[in-house]
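Please open the structure in a viewer with selection by chain and residue number.

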Amino acid sequence: MSKILEVENLATYFHTFKGVVKSVDRISFSMEEGEVLGVVGESGGGKSVTGFSIIRLIDPPGEITADYVLFDGENLMEKSEKEMNQIRGDKITMIFQDPMTSLNPVYTIERQIAEVLKLHQPGITKAQCRARGIELLKEVGIPNAEERIKCYPHQFSGGMRQRVVIAIALAGSPKLIIADEPTTALDVTIQAQVLQLMKRLVSEKGCALMLITHDLAVVSEITDRVNVMYCGHIVESAPTRELIEKPLHPYTRGLLASIPGSGAVREDERLEVIPGMVPNMFDLPKGCKFAPRCAACMEVCREREPETITVSPGRQVACHLCGKGEEDA
Amino acid sequence: MSEILRVENLTQQFRLDKSLLDKLHWEKGRITLRERVVKAVNGISFHVERGEAFGLVGESGCGKSTTARTIIGLNRPTSGDILFDGKSTAAMDKGERFALHKQMQMIFQDPYASLNPRMTVMDIVTEPILFHKLAGSRQEAEQRAYALLERVGIRPELASRFPHQFSGGQRQRIGIARALAVNPQFIVADEPVSALDVSIQAQILNLLMDLKEERSLSYLFIAHDLSVVRHLCSRLAVMYLGRIVEMGSREQIFEHPSHPYTQLLLAAAPKLTGSSIAGYEIPEKEMPTVLDLPKGCAFCNRCRYASPQCETELPALREVELGHVSACHLCGKK
């Protein structure tokens, strides 16, 4: 399998009046073709900004720098805005969290699908647009697509709306779909439907999916690999099952332990918590960003930022603890 | 143990068409009078023991938040009664209601929307104390507020700040301090952790459990996240479209769910083992709307065991085992 996306030293800094916010701080990762990559972490971890930075949807005062962001062999950092517009919504598409705000409430679904089609396939006729729109809606499992395409977003339920958003994301010829918390606003049974649908579509079309979420359980259901982010850094990257079963970074361990019913604690007992909260992004600690909340914090953690080390093939972790005889633990 | 709250046959309906003109419809060549009514809660009964955390779970639109708002007195019930400490709230006059609000407080879901952005944290927490005249002076109220804020984990020097200067988890702590300000016995918590990050969610859940023990509180805990309810609540009820479909102890519901809807909910919840979504057949259909409730079992269009009887006849809650009830025609037959 070849790499569809290679990101090297991607950094997104927001230069505000109060100081510089390093939302994403020199991260490197890659995605294989057809791979489902989960990006997890708490709010403020830089997950969404990573997604937006790849398609360069960051407005000033945000600034993106990177050695390279190779998508399908082309460096996205060198593209002009016009060239980026050709890629966005066609080869790389996005699915947002809230289907009510990502759809335009005053246009019909047909018009919103047609918009994508017209942008990326100039010369497409109205009849072709409609036919393709109906085909897409059927693909995402919307019953009675011929009638429903004429409806407005408010006439759909939350789950159906998210299906429409997925249909729009598939309207181009995506090789990479970036889904930012696609099921967070949905009920569990609907979430399960949408996750099943996304998993099926991704494997059918062979496109890669970057699933940004805070929910480790969702990640463990459908992803192949996971990047755990904290304060703009990827602290751990591993195949999903390995990460869930044998987390290495203390933050990943803490996240897993704080999920009720994860097996670590019995009912009615206190949950294991990560003490404190995410540090202020204006005033990040000097060494490891997780050090102030870490139970295993050492002297060196406060002084020096840990380097990302490869523990085993496909498995990286950024922690001073690892690599120092921690493997046999 | 005694009961602190009993809900009897509670119904809550909202009329969408307020004026007569809205109710008139042109149908088949003549004018008919028809009203659209949202049947949010349809005759539910349950009770909460003193010192217990009782969970109410279900998907959005099932009426769990409406139930909470009706219990706390934000809505007048259409019919049915709510008994607090053995006393019927329907028959209460204004003074008794006022006293009741000291006993019963609510923690809201959205820590961003439930705090007044123009009040300082100190004002937010002292307001209920002063309103219910629980402190002789402002100083006394402030002393109590400092103690409360400290208890929930907000440093006292932050009390003069405004809500926007806090993170979601901190705001939820402020919301908890406000609810506790009048020393209530009973707390209605409407999705108190669903807007929070997991690590913060665990902190808030632990805080709620600590407070429950310290102050011998009783909770009505509303959530859509089954794992949270399983962790915190000893008994729970599952709601679907305004009705309780299954109710029982934590072990009964999670280990032997008897209603097909409960089974679906448990199966559809994503799990860390990564095994649930791929293996389970999730029905493609969605919930019927509350405007047009089916005549029979509300779940029958998504149920894989549905029979013709389910479409026409509403199943009643029946005892499956001691303390475990389920509203399904098939219970005991499967």
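This is a predicted model: local features need pLDDT of at least 70, side-chain atom pairs count only at pLDDT 80 or more; totals for chains, interfaces and linings use all residues.

Residues are numbered from 1 along each chain as its sequence is written, and chains are lettered from A and ligands numbered from 1 in the order in which they are written.

**Confidence in chain A**

The mean for chain A is 86, with 96% of its residues at 70 or more. Next select residues 325-329 of chain A, where the pLDDT is below 50. Beyond near neighbours in sequence, this stretch has two contacts in the model; a contact requires that the C-beta atoms of two residues, placed from the backbone, lie within 7 Å.

**Where chain A meets chain B**

Display both chains: 36 residues of chain A and 33 residues of chain B take part in the contact. On the side of chain A, select helix 8 (188-205), helix 9 (216-222), helix 10 (240-245) and helix 11 (250-257), the elements that each give two or more residues. Helices (H or I, at least four residues) and strands (E, at least two) are DSSP runs, numbered from the N terminus. Helix 8 of chain A provides the largest share of this side, seven residues.

**Two domains of chain B**

Select 3-233 and then 258-334 of chain B, which are domain 1 and domain 2 in the domain assignment; such bounds come from an automatic or database domain assignment. Their centres, taken over C-alpha atoms, are separated by 28 Å. Six residues of domain 1 and seven residues of domain 2 of chain B form the contact. Strand 4 (residues 37-49) of chain B gives the largest share of the domain 1 side, three residues.

**The sheet of chain B**

Now show the open sheet of eight strands in chain B, ordered 8-9-10-5-11-12-14-13 with mixed pairing. Strands pair if DSSP finds at least two bridges between them. At the edges, strand 8 (104-107) and strand 13 (318-321) of chain B each pair on one side only. Strand 8 of chain B joins strand 9 (residues 186-190) of chain B in the parallel sense over four bridges. Finally, select B:Ile107, whose bridge partner in strand 9 of chain B is B:Ala189.

Definitions and conventions:
pLDDT is the predictor's confidence in each residue, from 0 to 100.
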